[in-house]
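Me: Got a model open here and I'd like to walk through it. Can we start with how exposure is called, then go residue by residue and out to the assembly?

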There are 2 protein chains.
Amino acid sequence: MPKQTFLNLPEEKRQTIINAAVDEFAEYGLENASTNRIVANSGISKGSFYQYFEDKQDVFMYLLSVLEQEKMEYFKGKHPPSMNMDTFQYFRWMIKAGMEFNTSHPRMTQAVSRVLLGEGMYYGKNFASYRQKTTQALTQMIGQAIARGEVDPSVDVELAVMVMDTWSNAISSYILNEGMKQKDIMKWVRSPRVQEKIDKLLYVMEYGLRKTESEFVANP
Amino acid sequence: MPKQTFLNLPEEKRQTIINAAVDEFAEYGLENASTNRIVANSGISKGSFYQYFEDKQDVFMYLLSVLEQEKMEYFKGKHPPSMNMDTFQYFRWMIKAGMEFNTSHPRMTQAVSRVLLGEGMYYGKNFASYRQKTTQALTQMIGQAIARGEVDPSVDVELAVMVMDTWSNAISSYILNEGMKQKDIMKWVRSPRVQEKIDKLLYVMEYGLRKTESEFVANP
DNA sequence: GAAAAATGTGACCTCCTGGTCATATGACCA
DNA sequence: TGGTCATATGACCAGGAGGTCACATTTTTC
C-alpha cells in the first residue's frame, strides 16, 4: 500500500499520478508496465515515485482497492428495482449495474481486468483474495438459488459458480473491448442493441442454446 | 517463418530448440519471453538463433503452425463414433477429442493458448487469422444447426458462436490449468470425474442452468 | 588436396529496466 | 534569522533485453 507521503499529497497531484498509472497498466499490463513511463507521464521524479510506493505492484494494489471502494459505494446507492426477483433476475440486474459502473470508469476497469484476468493466474497468491471475493459471493447466491429450487438439481454449486463467473467475465470483456471502440461508451452500453445482447446471453445461460418450448422475450 | 538454415537442421537439434522455446513461452508468454534464455536452454549460440529465426515472434509463429499441422493430422485420423449426431453431440465429441489432443501436447498447448488468449487481443492483427479460423468453423457449424432447427431460433449466429467459443476456451483453460497440477494429465482427463464435468458443462450450455423438465444423464 | 560456401560463435553494442542516494528545495517553527 | 524536517530531484547503478558482426569451424564442391 502507498506510503503516508502519497496520501498527504494534494488531491490533484494524486489524481495525475494514478491516471498515468491507469493508462500504463491498461496499455501494457502489470508485468510490462514501466515505472519510468509512469513517472514521465505524471510529471514527477523517479525518486518521488519510490517515496510514494514500494514498486509498481504496490501502485496496482492501490488502484485495486480504490476501484473496489468506488464499486461498493456505487452499489450502496443502487437497489434492485424489485424485492421479488428470482436469482436469475437478480444476476441479470447485477451484471447490468456492473456494466454501468464499468463504463463509467472505463480505463480503470480495463487496466484492472486486463491484469486480473490476463496475468492473474501467473501472479498466483497476490490477487487470489480478490478473485475469491467474487467466488464467495457467487457461491452464496447459487446456494440460495438451489435451495429455492431454481437451478437444475443435476448442477452442483461449483459448476454453477464456474458458469456464472465465466459469463460475468466474458460479458465484461466483451463490453470493454467493443465499447472502447465507440465514441461514447456509456451511450453505447445503454443502447437497446447492446442491452438486448446482454439479455440474450443471460437468457442462453439460463435456458441453453438448444431449442425448447421456452422463448426469449426482450427486457422480461 | 524460420529460415532454410533451421529447416536443414537435424531433427534432434530442431526438437531441442523448439522444446526450449515452448518452455519459455509457456512460462513467460510472448512479450516477456527471453531469447537469451531460449538460446541458453537449447544449447545454441545467440548468433545461431538469429540465423534460424527473425526474432522470437517468428519462433512463436512457427510453433503455431506446427501445432496446427499436428492437430489437423490428429483429427484426420479421428472420426466421430456415429454419423447420426446432432450439432450438440458433434460439438461435445469435438471438445473431448480436442482435450485429448491438448493433453497429449500439454506444454505446447499451454504455451500457445497462453499467448493467444492472454496477449492475443493486444498484438492485434498478427494472430487474428488464427482466431478467425476457429470462428469460421463455428459459424458454419451453427448455421447448419439453425437450419436443422436444433438451436433456439431467438439466438442469432453471432451470439451462438460467442457462446460456443467462450465455452471452448473456458474448458480448455480449465483442463490445462488443473491438469498441469496432476502427475498424469492424460489419465486425469480420461477419468470419469473430469469427463462428467465436461459433460455437465456442455449440458448446461445446451439446456441452461435453470431447472426445467430435461435432466442430465452422464455419457448420453 | 585446396577453394568456396555454409554454419556456428560469443564478445560486444545500445537501449531500457527497476531501484538507490546524495543533494536541493522549501515549509514551518523558535 | 537560523534550524529542522518532510519532500523533491535526477544522475547513477547493475542487470538484462534484443540484436549485430568479425571471426572460427565445418561441410561441400571440384
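This is a predicted model: local features need pLDDT of at least 70, side-chain atom pairs count only at pLDDT 80 or more; totals for chains, interfaces and linings use all residues.

Me: Is A:His79 buried or exposed, then?
Reply: A:His79 is exposed, because 10 other C-beta atoms lie within 10 Å.

Me: Where is A:His79 in the chain?
Reply: A:His79 sits in the loop between helix H5 (56-76) and helix H6 (87-104) of chain A.

Me: How many residues lie between A:His79 and A:Met94 in sequence terms, and what separates their C-alpha atoms?
Reply: They are 15 residues apart along the chain, and 9.7 Å separates the C-alpha atoms.

Me: Now A:Val163. Buried or exposed?
Reply: A:Val163 is buried, because it has 22 other C-beta atoms within 10 Å. Its place is in helix H10 of chain A.

Me: What is A:Val163 in contact with, leaving aside neighbours within four places in sequence?
Reply: A:Met205, B:Val204 and B:Leu209. For A:Met205, 42 residues along the chain from A:Val163, the C-alpha separation is 8.0 Å.

Me: And which residues does B:Val204 touch?
Reply: Not counting residues up to four places away in sequence, B:Val204 touches A:Val155, A:Val163 and B:Leu209.

Me: What about the largest nonpolar core? How many residues are in it?
Reply: That core has 49 residues. Those with the most contacts inside it are A:Ala160, A:Val163, A:Val204, B:Ala160, B:Val163 and B:Val204.

Me: Which elements give two or more residues to this core?
Reply: In chain A they are H6, helix H9 (125-147), helix H10 (157-179) and helix H12 (192-207). In chain B they are helix H6 (87-104), helix H8 (125-147), H9 and H11.

Me: Let's do the chain-chain contact. How many residues of each chain are in it?
Reply: 30 residues of chain B are in contact with 30 residues of chain A.

Me: Which helices of chain B supply at least two residues there?
Reply: Helix H7 (106-123), helix H9 (157-179) and helix H11 (192-207). By class, that side of chain B has 15 nonpolar, seven polar and eight charged residues.

Me: Why do you say the copies meet through the same surface?
Reply: Because 100% of the interface residues of chain B are also interface residues in chain A.

Me: What rotation superposes chain B on chain A?
Reply: A rotation of 180°, with 0.0 Å of shift along its axis, at an RMSD of 0.1 Å. The two copies are therefore related as by a two-fold rotation axis. In chain B, the C-alpha of B:Gly208 is nearest that axis, 1.9 Å from it.

Me: Back to chain A on its own. How many helices and strands?
Reply: Chain A has twelve helices and zero strands. Its C-alpha atoms fill a box of roughly 65 × 35 × 30 Å along the principal axes. Of its 220 residues, 27% are buried.

Me: How much of the contact set with a separation of 6 or more joins residues 24 or more positions apart?
Reply: 66% of those contacts in chain A.

Me: Which domains does the assignment give?
Reply: Domain 1 (4-59) and domain 2 (78-207) of chain A. Their centres, taken over C-alpha atoms, are 29 Å apart. The contact takes seven residues from domain 1 and eight residues from domain 2. The domain 1 side divides into four nonpolar, one polar and two charged.

Terms used
Residues are numbered from 1 along each chain as its sequence is written. Chains are lettered from A and ligands numbered from 1 in the order in which they are written. Helices (H or I, at least four residues) and strands (E, at least two) are DSSP runs, numbered from the N terminus. A residue is buried if 20 or more other C-beta atoms lie within 10 Å of its own, exposed if 12 or fewer, and partly exposed in between; C-beta atoms are placed from the backbone. Two residues are in contact if their C-beta atoms, placed from the backbone, lie within 7 Å. Ala, Val, Leu, Ile, Met, Phe, Trp, Tyr, Cys and Pro count as nonpolar, Asp, Glu, Lys and Arg as charged, and the others, Gly among them, as polar. Copies are superposed by least squares on the C-alpha atoms of residues with pLDDT of at least 70 in both. Domain bounds come from an automatic or database domain assignment. A nonpolar core is a set of buried Ala, Val, Leu, Ile, Met, Phe, Trp, Tyr and Cys residues joined through C-beta atoms within 7 Å.
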